[in-house]
Amino acid sequence: MSSVTLTREFTKGFLRENPVFVLLLGMCPTLGVTSSAINGLGMGLATTAVLLGSNIVIAVVKDLIPDKVRIPAFIVIIASFVTIIDLTMAAFLPPLHEQLGLFIPLIVVNCIILGRAEAFASRNTLVASAVDGLGMGLGFAFALTLLGAIREFLGAGAIFGLPVPFLFDNPILIFIMPPGAFIALGFLIAVVNTLREKAGA
Amino acid sequence: MKKLESTLPNMFIVLTLIALISAAALGATYGVTEPILAEQARQRRIQAVSEVVPAFDNQPTDEAITPPDNPSVQLFPARRAGEAVGAAVQISTGAGYGGTIELMVGFGSDGTVTGLSVLRHQETPGLGARITQEGFRSQFVGQAPADELQIDGITAATISSQAVIAAVERAWQILESTGGIR
């Protein structure tokens with residue numbers, strides 16, 4: 001595989017095939033954890049780690065897995081990675097783990113992971129799958145961080161915990177509550193769709 | 001390499017192997033992180049207790065008492081030089097606006113509240129969540145639940161405020177009924 005296509009595999013996750021804005025996969029963590037930029041970033045990076053790991057392992061063992069049992073095999077591999085990340089985060093990054101708590105185990109059922117395993121890693125080489133996992137994961141992290149930053153800015157009057165003058169004293173509370181997640185995501189998807197149309201995608 | 005065929009033995013062996021390898025990886029991770037997690041949980045509890053009771057020199061978390069008729073409550077006696085100076089009560093209430101509120105309430109030997117901290121809650125951000133703020137919590141300090149508590153509730157968060165007040169009163173009753181501070 002030439003480096004041009006590898007670059008393409010890497011960058012597709014950011015806009016062209018962004019899991020959140022374009023594929024609309026993984027909506028549960030997207031809406032649930034993005035009440036602040038740092039939460040979005042943490043969840044995004046945790047998902048990236050799982051995605052990278054599971055894509056690599058699945059690309060390596062894909063020929064050893066009989067077709068009929070591939071889905072259970074993928075799920076066991078993914079679930080193991082998630083639990084390892086969960087325990088490691090709890091031990092070494094406790095404050096972040098406290099915030100993301102419930103959502104880490106939910107990475108298992110995040111469609112992006114199984115989707116990439118099934119659609120990409122089980123058919124492509126190790127290098128391409130690793131690049132795909134990294135690109136998709138970072139695209140997911142980018143989307144969650146952006147959404148988190150917008151919600152935190154409007155709803156708590158801060159960005160990455162740094163207070164913004166005026167808004168900090170008069171935040172628009174609804175944006176850090178669940179309905180705000182839908183509103184902010186809706187506008188973001190509209191913006192991304194406009195950008196993609198302009199780019200002729 | 002050719003793809004392995006989906007025969008019964010193949011499927012059986014592959015799934016078993018994947019499960020075994022995964023289990024081994026999980027076991028290893030657990031072995032490394034478990035002691036760290038246990039220590040963190042202990043530190044958090046010691047921290048929570050010491051925030052609400054007068055200075056002590058015993059190990060309240062090692063002497064914790066669980067009242068038999070209130071198994072969800074834990075009492076942490078605080079002693080200095082062998083003398084009881086207070087107790088912390090860990091209590092949870094379901095009377096909040098959004099799920100369970102978990103509190104650590106400290107009492108001095110005179111029966112007044114020495115401190116209150118909110119360990120966990122899911123109240124509405126910006127409204128009920130203000131029960132965690134100093135301005136609300138500090139009102140309790142110095143008041144005795146045996147008399148009536150005089151607390152200004154949080155505007156637009158009456159349910160959350162009332163839940164905390166009721167929980168503090170209940171914490172005192174449970175502490176009293178299990179022998180008070182000793």
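Helix 3 of chain B is followed by G179(B), which has a positive phi near 110°; helices (H or I, at least four residues) and strands (E, at least two) are DSSP runs numbered from the N terminus. The model is a predicted one, in which local features need pLDDT of at least 70 and side-chain atom pairs count only at pLDDT 80 or more, while totals for chains, interfaces and linings use all residues. Residues are numbered from 1 along each chain as its sequence is written, chains are lettered from A and ligands numbered from 1 in the order in which they are written, and side-chain values use heavy atoms, with hydrogens and water left out.

Helix 3 of chain B spans residues 158–177, and its 20 residues reach 28 Å from the first C-alpha to the last. This is close to the expected 28 Å, the expected span being 1.5 Å times one less than the number of residues. Its buried residues include V164(B), I165(B), V168(B), W172(B) and L175(B), where buried means under 20% relative accessible area, exposed over 50% and partly exposed in between (1.4 Å probe, protein chains only). Among the elements covering the buried residues of helix 3 are strand 1 (74–80), strand 2 (83–93), strand 3 (101–108), strand 4 (113–120) and helix 2 (134–137) of chain B.

At the interface, 25 residues of chain A are in contact with 25 residues of chain B, contact being heavy atoms within 4.5 Å. The two chains bury about 2100 Å² between them, 74% of it on carbon and sulfur atoms; buried area is the accessible area (1.4 Å probe) that two parts lose on being put together, summed over both. In chain A, D63(A), P66(A) and L87(A) lose the most area to chain B, together 25% of what that side buries. Zero salt bridges are found across this interface, a salt bridge being a side-chain nitrogen of Lys or Arg within 4 Å of a carboxyl oxygen of Asp or Glu. On the side of chain A that touches chain B, helix 4 (70–92) and helix 5 (94–100) each give two or more residues. Helix 4 gives the most, with twelve residues.

S80(A) lies in helix 4 of chain A. This residue counts as buried at 8% relative accessibility, and, leaving aside neighbours within four places in sequence, is in contact with S22(B) and L26(B). G148(A), in helix 7 (residues 126–156) of chain A, is buried with a relative accessible area of 0%. Residues up to four places away in sequence not being counted, G148(A) touches T34(A), S35(A), S36(A) and A37(A).

Over all chains, eight salt bridges are found. E63(B) pairs with R79(B), the closest N and O atoms being 2.4 Å apart. E63(B) is in the loop between helix 1 (8–52) and strand 1 of chain B and R79(B) is in strand 1, so the pair ties together parts 16 residues apart in sequence. E63(B) is partly exposed at 29%, as is R79(B) at 22%. R120(B) and E102(B) meet in a salt bridge at 2.7 Å, N to O. That pair links strand 4 and strand 3 of chain B, 18 residues apart; R120(B) is exposed at 52%, whereas E102(B) is buried at 16%. In chain A, E9(A), K12(A), R116(A) and D132(A) are linked in a network of salt bridges.
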